[in-house]
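I opened a new notebook page for this model. My notes follow the order in which I looked things up.

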Amino acid sequence: NTIYYWDMRPSNNCNFGCLMCCHALSSGHWQLNEDIMRPNFIKEKFIEVNDDNFNVMVNEMKKVLQSIPSEQKEKEFQIYFAGGEPLLLEHHRNLLLWLVESGNTNVKLRYNTNCSTLKYKGTNFVDIWKEWKTPVVIDASIDSSGLVGEYQRHGSSWKAIKNNLIRLSSCSEIELTYNLVTSMITYDNLIETINELEEIDGEDLN
């Protein structure tokens, strides 16, 4: 009866309106539809787990962490953060800070993030991830470099994302991987994108 894998996506709050996304995963996609006067079939912009339900889930997680030995945490216990954009969610920030304060920096962390920011409300996530005993996996949602990427991921800045990727790739405590959604928009720029990512992170891309 022990849950070792926790998929945490408490909100669809996102700062991008990606063309290939959907409202369930992105409030930015909902807003993009509003801006171009395309019908949204759900009236609510934000889809969120309420605080009480989220706290119930976190309390169950805490019970598990208190009941299993340290070596089991490192090998089996994993938390996967997604969204929305998880690095812009208060739920994520609070849980991450609790993991540090409670000495649970030996659990596996994995993220699906658009890499638009590495900070939230004064909290620098890279500094926290450097304290982790196991590599923090960052699955970067990068479809294309330059203007093509900015077009598919509406609201993004390739310059800002690239700077964040450079910082992440320089941290030995972080394992950087890439999720590229190839579409008719990004197809012609795929090779150029891969070449640019290799310049940032070396030729052995994941």
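**Sheet and backbone notes**

I began with Arg110, which stands opposite Val137 in strand 7. Strand 4 (residues 108-113) and strand 7 (residues 136-141) run parallel and are joined by four bridges. I take strands (E, at least two residues) and helices (H or I, at least four residues) as DSSP runs, numbered from the N terminus. Two strands pair if DSSP finds at least two bridges between them.

The model is predicted: local features need pLDDT of at least 70, side-chain atom pairs count only at pLDDT 80 or more, and totals for chains, interfaces and linings use all residues. Residues are numbered from 1 along each chain as its sequence is written, and side-chain values use heavy atoms, with hydrogens and water left out.

I then traced the open sheet: five strands in the order 1-3-4-7-9, with parallel pairing. Strand 1 (5-8) and strand 9 (174-179) are its edge strands, each pairing on one side only.

Next I checked the backbone. Most residues other than glycine have a negative phi, and most peptide bonds are trans. I found a cis peptide bond between Gly83 and Gly84, with omega about 10 degrees. Gly84 sits in the loop between strand 3 (78-81) and helix 4 (90-101).

Met37, not a glycine, has a positive phi of about 60 degrees. Is Met37 buried or exposed? Met37 counts as exposed because its relative accessibility is 76%. Buried means under 20% relative accessible area, exposed over 50%, partly exposed in between (1.4 Å probe, protein chains only).

Cys115 also has a positive phi of about 60 degrees, but Cys115 is buried, at 1%.
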